[in-house]
Amino acid sequence: MTEKSVELEIRDRVAYVTLNRPDSFNAVNGAMHKTLSRIFIDLGERRDLSAIVLTGSGRAFCAGGDIEWMREAIREPEGFEIVTWEAKRIVYSMLDCEIPIIGRINGDAVGLGATLALLCDITVMDEKARIGDPHVRVGLNAADGGGFLWPALIGFGRARELLLTGDLLSAAQAHALGAIGHVVASEELDARVQTIASKLKGGATKAIRWTKAGYTIPLRQLAHGHMDAGTAYECLTNLTQDHHEAVEAFAAKRKPVFTGR
């Protein structure tokens, strides 16, 4: 039986959502993307949960888009329209979900992985992990949420450079900029996450939920103002020669040669 790309376990009023493609560093493929576009809607309807923990299996949190999935989108660009619809649902549903989401960032969070991390309400990151949005390095614009999340969280000054270069940050750098809440040693990751989850479980559930509903209003407004245009541009960049070159270069483990086309 094929393992699920996203695992869900509920224990003691906490839902644990685990990205489960460890051999691919939890790179997002079609099945995982579809599941992520729905799971926070389903969890958000529940009244028996105090927190959600989002994490990755193995050594990474999420390495971004799966290379074969990108190839499929190049071969069948019409199918990419569904992907962009799902991308909007992922962002909207994580912001709309009133249950606090704790990001257990156990390894690198790249591209969509970085967006998932930044969408979490509280983040705990392994000190050895890196985070960043290198969409431009694969010839795509940063359309899955990073384009508005990075400026909103760390300010336009540094965010613009990071989005335009695709550079990754160390956990310490991300913490210093305010993108990440906690940085801990690997062996302390679970204890810190559980401490935070316990605080939420012991709190006034409705007050906590509706506090999130309040502070996410500006982010939800930004999301709805950004995502339609961003995903439309991503559909366009999916058709470019530079994106095709970047995907094939990545598969061949060589440096891409961009031509601006």
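1. Leaving aside neighbours within four places in sequence, Asn26 is in contact with Leu19, Asn20, Arg21, Met32, Gly56, Ser57, Ala60, Phe61, Cys62, Ala63 and Gly64. In this predicted model, Asn26 lies in the loop that joins β2 (14–19) to α1 (30–44). Is Asn26 buried or exposed? Its relative accessible area is 0%, so Asn26 counts as buried.

2. Three strands form an open sheet with mixed pairing, in the order β5-β7-β8. The edge strands, β5 (109–110) and β8 (169–170), each pair on one side only. Strand β7 (residues 130–132) pairs with β5 in the parallel sense over two bridges, and Val110 stands opposite Gly132 in β7. In general, strands of a sheet pair through backbone hydrogen bonds, either parallel or antiparallel.

3. Helix α5 spans residues 146–154, and its buried residues are Gly146, Phe148, Leu149, Trp150, Pro151 and Ile154. Just after α5, Gly155 takes a positive phi of about 95°.

4. Helix α6 covers residues 156–165, and Ala159, Leu162 and Leu163 are buried in it. Because these residues cover an arc of only 95° around the axis, they are on the same side of α6. As background, an α-helix has 3.6 residues a turn, so residues three or four places apart point the same way. Gly157, Arg160 and Leu164, on the other side of α6, are exposed. The buried residues of α6 pack against α5 and β8. Just after α6, Gly166 takes a positive phi of about 75°.

5. The largest nonpolar core has 55 residues, of which Leu36, Ile52, Leu54, Met94, Leu116, Ile131 and Trp150 touch the most other members. Helix α3 (residues 80–96) gives the most to this core, with seven residues. A second, separate core consists of twelve residues, including Tyr16, Ala51, Val193 and Ala197. Nonpolar side chains tend to be buried together in soluble globular proteins.

6. Trp150 links several of the points above. Trp150 is one of the buried residues of α5. Which residues does Trp150 touch, not counting those up to four places away in sequence? They are Ala114, Leu118, Ile131, Gly132, Asp133, Gly155, Ala159, Leu162, Leu163, Leu169 and Ala179.

Definitions and conventions:
Residues are numbered from 1 along each chain as its sequence is written. This is a predicted model: local features need pLDDT of at least 70, side-chain atom pairs count only at pLDDT 80 or more; totals for chains, interfaces and linings use all residues. Side-chain values use heavy atoms; hydrogens and water are left out. Buried means under 20% relative accessible area, exposed over 50%, partly exposed in between (1.4 Å probe, protein chains only). Helices (H or I, at least four residues) and strands (E, at least two) are DSSP runs, numbered from the N terminus. Contact means heavy atoms within 4.5 Å. Two strands pair if DSSP finds at least two bridges between them. The arc is that of the directions from the helix axis to the C-beta atoms. A nonpolar core is a set of buried Ala, Val, Leu, Ile, Met, Phe, Trp, Tyr and Cys residues joined through side-chain atoms within 4.5 Å.
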